[in-house]
Amino acid sequence: MRQRHLEEDFEHIKTYLSEMMEDVRKQILDSINALEHINYEKAVKIIKDDDLIDDFQRKIENETFAYIGRYNPLAEDLRYVIMVIKIATDLERIADLAVNISKVVKKHKGEQLPKPLVHIKKMSGYVIKMLDDVLNAYYETDLSVTKKICYDDEEIDKIYKFIKEEISVKIIECDDISEVKFFIDLLLVARFLERVGDHIVNIAEELYYMEMGENLHEVIEIEKKLSKE
Amino acid sequence: MENIIFEIKKLNFYYGSNHILKDVECGIQKNKVTAIVGPSGCGKTTFLRTLNRMSDLAPTANYTGKIFLDGENILDQDPIKVREKVGMVFQQPNPFPKSIRNNLTYGPKLHGEKNKKVLDEIVESSLKQAALWDEVKDNLKKSGMALSGGQQQRLCIARALSVKPEVLLLDEPTSALDPIATSKIEELVEELSKNYTIIIVTHNLQQALRISDYMMFFYLGELVEFDRTEKMATKPSDKRTNDYLRGIFS
Ligand SMILES: Nc1ncnc2c1ncn2[C@@H]1O[C@H](COP(=O)(O)OP(=O)(O)OP(=O)(O)O)[C@@H](O)[C@H]1O
Ligand SMILES: [Mg+2]
């Protein structure tokens with residue numbers, strides 16, 4: 001019979017991962033908020049709280065290694081624990097990107113945004129929605145949203161391209177050097193969000209593999225090919 | 001199908017009115033290690049022993065279906081002939097209470113080999129293949145029963161090899177051995193699979209994963225799943241296999 005402590009250790013890892021997901025979502029949401037209002041205090045707090053996220057990742061790694069060593073998990077369990085490690089790594093990277101955004105805010109302490117955030121807000125809107133979907137997919141084991149996440153990421157890439165164009169033009173037109181610097185930093189923020197999107201796609205793929213044992217990317221490629229025929 | 005040595009067709013096996021094996025169909029790859037796993041009583045031993053016609057020794061045994069070995073149905077053949085091609089090693093080491101040498105010349109002599117030089121060669125090559133030669137070469141007159149459990153089991157493997165079979169059946173060959181003797185047998189299985197087809201029943205899942213290329217999962221007499229070992233370990237198709245591997249029932 002399956003041992004009780006095995007189930008308990010498993011639940012432990014699950015709980016850590018869901019808490020980490022929620023915290024990372026908050027870090028991203030706060031960093032965009034901090035940027036929007038150039039809120040220095042908020043940015044500093046995000047950077048400080050990143051240590052907590054790192055702790056989470058370390059705890060999940062340790063627990064998962066111990067679990068593998070102790071129980072030699074197989075089949076579904078094996079997929080689960082390996083994917084947990086990968087998801088935690090992606091979450092940690094997303095949190096790092098929230099820190100990067102916060103550093104931009106810190107740097108421009110006391111300044112005004114050169115223009116209101118329109119497309120960056122659009123990007124962050126997608127990112128937050130994708131994170132919510134990931135959380136849902138994880139809690140409800142509802143895999144249908146994992147595909148949606150991949151398609152949302154394509155939208156993010158489009159907006160990022162647009163922002164690149166837009167900001168290049170702004171930089172050429174602009175003769176105030178500090179404004180130019182700010183635009184370059186906003187371009188960086190867009191780049192950070194684009195990377196966040198990639199990591200969320202990784203997580204969607206990891207959740208899919210966890211449940212199905214199949215590569216979501218390949219599944220989507222096949223679907224695309226079929227719909228073209 | 002690339003290189004199938006055993007082709008099993010609709011095999012049904014009964015002890016009296018007990019239906020033990022149900023419509024088993026599969027092809028076993030030549031010179032690979034196939035591990036058979038499943039809960040106690042699911043029919044692993046029965047299946048293994050039909051492959052060298054040992055299950056039908058029981059008075060109440062009854063069966064239908066076909067088992068092709070190299071294209072011929074072994075269920076129509078003389079069991080003695082089948083066992084020349086398909087050797088077997090049991091859970092408890094069971095050397096003959098004779099010298100090491102006699103354990104290894106017994107089979108070849110039974111098949112008519114009288115030439116001492118040939119017999120010497122068989123003794124040496126069987127012991128070498130079973131990774132026992134270095135330990136016993138100076139002591140071939142010693143009784144097989146005087147060896148350690150692990151050495152006895154390797155002697156039994158050497159004995160099975162002495163008649164130059166194609167297939168080696170192993171039924172829980174390490175369950176009576178300590179971890180070191182067990183890992184020696186595991187290494188040996190890997191080495192032997194270069195030249196022999198090996199089918200091994202084991203209750204030790206980790207062992208099955210370590211040494212096998214293919215895994216069969218039996219449940220209540222049914223061959224539920226049979227696939228490459230990596231696939232079985234990470235992504236079994238049947239829920240029953242998944243549950244068994246996760247230890248939900250055993
Ligand atoms: N000689 C026999 N006569 C009658 N019934 C038998 C005989 N040998 C085995 N059986 C029955 O056949 C069924 C399958 O037995 P088998 O030994 O093949 O199981 P197994 O999977 O090898 O189990 P284990 O893991 O415990 O060795 C069992 O229900 C057993 O009681
Ligand atoms: Mg048995």
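User: What share of the contacts in chain A with a separation of 6 or more comes from residues 24 or more positions apart?

Analyst: Those residues account for 83% of them, where contact means heavy atoms within 4.5 Å. Bear in mind that this is a predicted model: local features need pLDDT of at least 70 and side-chain atom pairs count only at pLDDT 80 or more, while totals for chains, interfaces and linings use all residues. On bookkeeping, residues are numbered from 1 along each chain as its sequence is written, chains are lettered from A and ligands numbered from 1 in the order in which they are written, and side-chain values use heavy atoms, with hydrogens and water left out.

User: What is chain A built from, and what counts as an element here?

Analyst: Chain A has seven helices and zero strands, running α-α-α-α-α-α-α from the N terminus on. Helices (H or I, at least four residues) and strands (E, at least two) are DSSP runs, numbered from the N terminus. The C-alpha trace of chain A spans about 75 × 50 × 25 Å along its principal axes.

User: Why are α4(A) and α6(A) called roughly parallel?

Analyst: Their axes, for residues 119-140 and 177-212 of chain A, come within 10 Å and cross at roughly 20 degrees. The axes are lines fitted to C-alpha atoms, for helices over the stretch in contact, and angles run from 0 to 180 degrees between N-to-C directions. Angles under 35 degrees count as roughly parallel, over 145 as roughly antiparallel, 65 to 115 as roughly perpendicular and the rest as oblique. With that angle, α4(A) and α6(A) are therefore roughly parallel to each other.

User: What hand does the crossing of α4(A) and α6(A) have?

Analyst: That crossing is left-handed: the near helix is turned anticlockwise from the far one by less than a right angle, whereas clockwise would be right-handed. Among the residues that meet are A:Ile120, A:Ser124 and A:Val127 in α4(A), and A:Leu186, A:Leu193 and A:Glu194 in α6(A). By class, the contact of α4(A) with α6(A) has 17 nonpolar, two polar and one charged residue. For those classes, Ala, Val, Leu, Ile, Met, Phe, Trp, Tyr, Cys and Pro count as nonpolar, Asp, Glu, Lys and Arg as charged, and the others, Gly among them, as polar.

User: What makes α4(A) and α5(A) roughly antiparallel?

Analyst: Helix α5 of chain A covers residues 144-173, and α4(A) packs on α5(A) at an angle of about 165 degrees, with the axes 10 Å apart. That angle puts α4(A) and α5(A) in the roughly antiparallel class. The crossing of α4(A) and α5(A) is left-handed. Their contact divides into 14 nonpolar, two polar and eight charged residues.

User: Why does A:Ser124 count as buried?

Analyst: Buried means under 20% relative accessible area, exposed over 50%, partly exposed in between (1.4 Å probe, protein chains only). A:Ser124 has 5% relative accessibility, so A:Ser124 is buried. This serine lies in helix α4 of chain A. Leaving aside its neighbours within four places in sequence, A:Ser124 is in contact with A:Ile32 and A:Leu193. Over the 229 residues of chain A, 48% count as buried.

User: Is A:Ser227 buried or exposed, and what makes you say that?

Analyst: A:Ser227, in helix α7 (residues 216-228) of chain A, has 62% relative accessibility, so A:Ser227 counts as exposed. The C-alpha atoms of A:Ser227 and A:Gln112 are separated by 48 Å.
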